Amino acid sequence: MAQKAQCLLCPHRCRLAEGRCGVCRARICREGKVIDLAYAQISALALDPIEKKPLRRFHPGSWILSLGSCGCNLRCPFCQNSGISMRAPDPRDETLLPEDLVALALKLKESDPRGNLGVAFTYNEMLAPHYEYVRDCAALAKERGLATVLVTNGFIEERPLLELLPLIDAANVDLKGFSEGFYKWLGGSLKSVKRSLELMAGKIHLEVTTLVIPGKNDSAEEMDAECAFLEALSPEIPLHLSRFFPRYKCADLPPTPPETVLSLCDIARRRLKYVYPGNM
Ligand code: SF4
């Protein structure tokens, strides 16, 4: 009988037959075990300003070695990075083992005139599917005195998240909207992302980003409800509200008018201390 396995990394909990990949396209069942098909395969690597993550209140003005791979466990039709997030692993991608990544990060810290704060997992969703790589790199980076930053959709199961948090210094979580209906459109669940935010708050430096999409998640009521949730975690959590631009399967939608973002920022500021408009 063909072997099967279940992946327990994210709420999809994919049941995989031998040789089949999960929703994220990067985890596969091999000999009855779920493995990351793209462990240590990198699609993008750059020294970025920390504000680009975006993190505004974590070592402002510093630079951080940032990397991405491929795959994602959500299916946002408005994805701004679909070239890497919606594709399967490609053996032509560069291999960068944790020890080599950390060696490069240390070299930049010592010799690049901009300096380097540490390592940021970003560009595509790295947590699910590439949890083991993030964990191995973060453990080594922390051991060598580097900071670790995660940019994530927060759609992960509680247990792996809790196990990883001691290795992470800061995160920006994409809170994509504030209704289950909106998350259904993306193949995710608001409840799971809210749980991740509750687990992160107070344990690491946490900032949140919402991409405001015209007619989809831009109502004053939804923004107020989102901010009430964040305020209950801490009114000091910085919130970034950014403009959507037509992309991927939402190429026919108009870009978000700047005034929409600015008016939602005003609503958010009634509850939160730090609110930043983005992509203006
Ligand atoms: S990480 Fe990938 S394989 Fe695992 S449950 Fe999530 S989508 Fe499925």
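Reader: Where does the ligand sit?
Author: In the largest cavity. Keep in mind that this is a predicted model.

Reader: Which residues surround the ligand?
Author: C7, L9, C10, H12, R13, C14, G22, V23, C24, R27, N73 and A128.

Reader: How does that shell divide by residue type?
Author: Into 7 nonpolar, 3 polar and 2 charged residues.

Reader: Back to R13. What is its phi?
Author: R13 has a positive phi of about 45°, although it is not a glycine. Most residues other than glycine have a negative phi.

Reader: Where is R13 in the chain?
Author: In the loop between β1 (4-6) and β2 (15-17). R13 counts as partly exposed because its relative accessibility is 39%.

Reader: What about the phi of R25?
Author: R25 is not a glycine, yet its phi is positive, about 70°. R25 lies in the loop between β2 and β3 (27-30). With a relative accessible area of 31%, R25 is partly exposed.

Reader: Now peptide bonds. Is the one from K53 to P54 cis or trans?
Author: Cis, with omega near -5°. Most peptide bonds are trans. P54 is in the loop between β6 (44-49) and β7 (63-68).

Reader: On to helices. How many residues does α2 have?
Author: Helix α2 (residues 98-111) has 14 residues. From first C-alpha to last, α2 reaches 20 Å, close to the 20 Å expected at 1.5 Å a residue.

Reader: Which α2 residues are buried?
Author: P98, L101, V102, A105, L106 and L108. They cover an arc of only 160° around the axis, so they lie on the same side of α2.

Reader: Why can residues three or four places apart point the same way?
Author: Because an α-helix has 3.6 residues a turn.

Reader: Which exposed residues are on the face of α2 turned away from its buried side?
Author: K107, E110 and S111.

Reader: And α7, which residues are buried there?
Author: E222, M223, E226, C227, F229 and L230 are buried in α7. Their arc is only 155° around the axis, which puts them on the same side of α7. On the other side of α7, E221 and A232 are exposed.

Reader: Last one. Is V208 buried or exposed?
Author: Buried, because its relative accessibility is 0%. V208 is in strand β12 (residues 205-212).

Reader: How far apart are V208 and P238?
Author: They are 30 residues apart in sequence and 6.3 Å apart in space, C-alpha to C-alpha.

Key: Residues numbered from 1 in each chain as written. Predicted model: local features only at pLDDT ≥ 70, side-chain atom pairs only at ≥ 80, totals over all residues. Heavy atoms only, no water. Near = heavy atom within 4 Å. 1 Å grid on protein atoms, 1.4 Å probe; cavity = no way out; pocket = protein on both sides within 12 Å on 5 of 7 lines; lining within 4 Å. Sits in = over half its atoms within 2 Å of the grid points. Nonpolar A, V, L, I, M, F, W, Y, C, P; charged D, E, K, R; others polar. Buried < 20%, exposed > 50% of the residue type's maximum accessible area, 1.4 Å probe, protein only. Helix = DSSP H or I, 4+ residues; strand = E, 2+ residues; numbered from the N terminus. Arc of directions from axis to C-beta. Expected span 1.5 Å × (residues − 1).
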